[in-house]
Amino acid sequence: ALVLYSWLAKRKGIKLEEGASSFVVSVFYDALGLSFMLGILMFFLETEVPWFIYVSVAVILFISVVMIFFADRFIRFGLTFRFLDRVPKLKDIAGRILEYLEQHKSNPERLRLFLLSLGTRVVKYIFIYILFEGMLNLGFSLHNFALFSFGLAGTELSALIPIQGPGGFGTWELAFTVIFKALAIPAENIAEAGFVIHIVTQVWEYSIGLCALGWLFIKKD
């Protein structure tokens, strides 16, 4: 994502540092929205789940809150280190992020960004759950939706694995199968369901991305 963003910014004559701040900050708002949603869904699990699920949600929530409310202090402290003078572009990006955070400290704005991130995440998970349920027929319920949401969130963390297949295929399906079996989902064709979900979501997301990219090419400045 960073490579594509850098290429687009260069093509449009935009300095990388100008937009990188909002790009980075949005990641933490997305993480906060996801962890908040999962925190609520914990009350509907009704069954025991692996301990690392709870730890992961707590860690993501903690890091997100710290970055949104206290990141400016950490960045300001980090900018005092002299080694950053050797990488001026990184220092400039950190400075832009600090500037953004200092200019957007109002709680109403933070609340709007949080609600937007939360709403986007909820809509995404609901529609993928509908696809998941359409294949496995486990029954629509908050319990099943909670299990599915934790499973999908854990699967998406497979993006952190250093070795990936093209488009994430292979590692994503493996993570999906392992995590959903750990959650004791009562279905035999979990691996097949994961493959179909990955195909559908990839086609949908790349289609949106290509349409947006095409619009950037044809749109007059």
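On the H7 side the contact (heavy atoms within 4.5 Å) is made by Trp172, Glu173, Phe176, Thr177 and Phe180, and H8 brings in Ile190, Ala191, Ala193, Gly194, Phe195, Ile197 and His198. Sorted by class, that makes eight nonpolar, three polar and one charged residues. Here Ala, Val, Leu, Ile, Met, Phe, Trp, Tyr, Cys and Pro count as nonpolar, Asp, Glu, Lys and Arg as charged, and the others, Gly among them, as polar.

A word on conventions: residues are numbered from 1 along each chain as its sequence is written, and side-chain values use heavy atoms, with hydrogens and water left out. As the model is predicted, local features need pLDDT of at least 70 and side-chain atom pairs count only at pLDDT 80 or more, while totals for chains, interfaces and linings use all residues.

Zooming out, the chain has eight helices and zero strands, with helices (H or I, at least four residues) and strands (E, at least two) taken as DSSP runs, numbered from the N terminus. Of its 221 residues, 36% count as buried, that is, under 20% relative accessible area, with exposed meaning over 50% and partly exposed in between (1.4 Å probe, protein chains only). Among contacts with a separation of 6 or more, 67% come from residues 24 or more positions apart.

Back to H7 itself. This helix has 12 residues and reaches 16 Å from its first C-alpha to its last, close to the 16 Å expected at 1.5 Å a residue; the expected span is 1.5 Å times one less than the number of residues. Its buried residues are Thr171, Trp172, Glu173, Ala175, Phe176, Thr177, Ile179 and Phe180, and what covers them includes H5, H6 and H8. Just after H7, Ala184 takes a positive phi of about 60°.

H6 (residues 142-156) is another of the neighbours of H7. H6 and H7 (residues 171-182) pack at an angle of about 145°, with their axes 8 Å apart, and the crossing is again right-handed. Phe148, Gly151, Leu152, Gly154, Thr155 and Glu156 in H6 meet Trp172, Ala175, Phe176, Ile179 and Phe180 in H7, which comes to seven nonpolar, three polar and one charged residues. With 13 of its 15 residues buried, H6 is largely enclosed by the rest of the structure. Its end C-alpha atoms are 21 Å apart, in agreement with the 21 Å that the 15 residues should span. Asn144 lies in H6 and, at 17% relative accessibility, counts as buried. Leaving out residues up to four places away in sequence, Asn144 touches Tyr129, Leu138 and Gly139.

H8 (residues 190-218) also packs against H5 (residues 107-136), at an angle of about 140° and with the axes 10 Å apart. H5 and H8 are therefore oblique to each other, and H5 passes H8 in a right-handed crossing. Lys124, Ile128, Leu131, Phe132, Met135 and Leu136 in H5 meet Ile190, Ala193, Val196, Ile197, Val200, Thr201 and Glu205 in H8. The class count for this pair is 10 nonpolar, one polar and two charged residues.

H5 also holds Phe114, which is buried at 12% relative accessibility. Not counting residues up to four places away in sequence, Phe114 touches Tyr29, Leu32, Gly33 and Phe36. The C-alpha atoms of Phe114 and Gly33 are separated by 6.2 Å, although the two residues are 81 apart along the chain.

Leu32, one of those partners, lies in H2 (residues 16-41) and counts as buried at 10% relative accessibility. Besides Phe114, Leu32 touches Leu61, Ser64, Val65 and Ile68, with residues up to four places away in sequence again left out. Between Leu32 and Ser64, 32 residues apart along the chain, the C-alpha separation is 5.2 Å.

Note on methods: Axes are lines fitted to C-alpha atoms, for helices over the stretch in contact, and angles run from 0 to 180 degrees between N-to-C directions. Angles under 35 degrees count as roughly parallel, over 145 as roughly antiparallel, 65 to 115 as roughly perpendicular and the rest as oblique. A crossing is left-handed if the near helix is turned anticlockwise from the far one by less than a right angle, and right-handed if clockwise.
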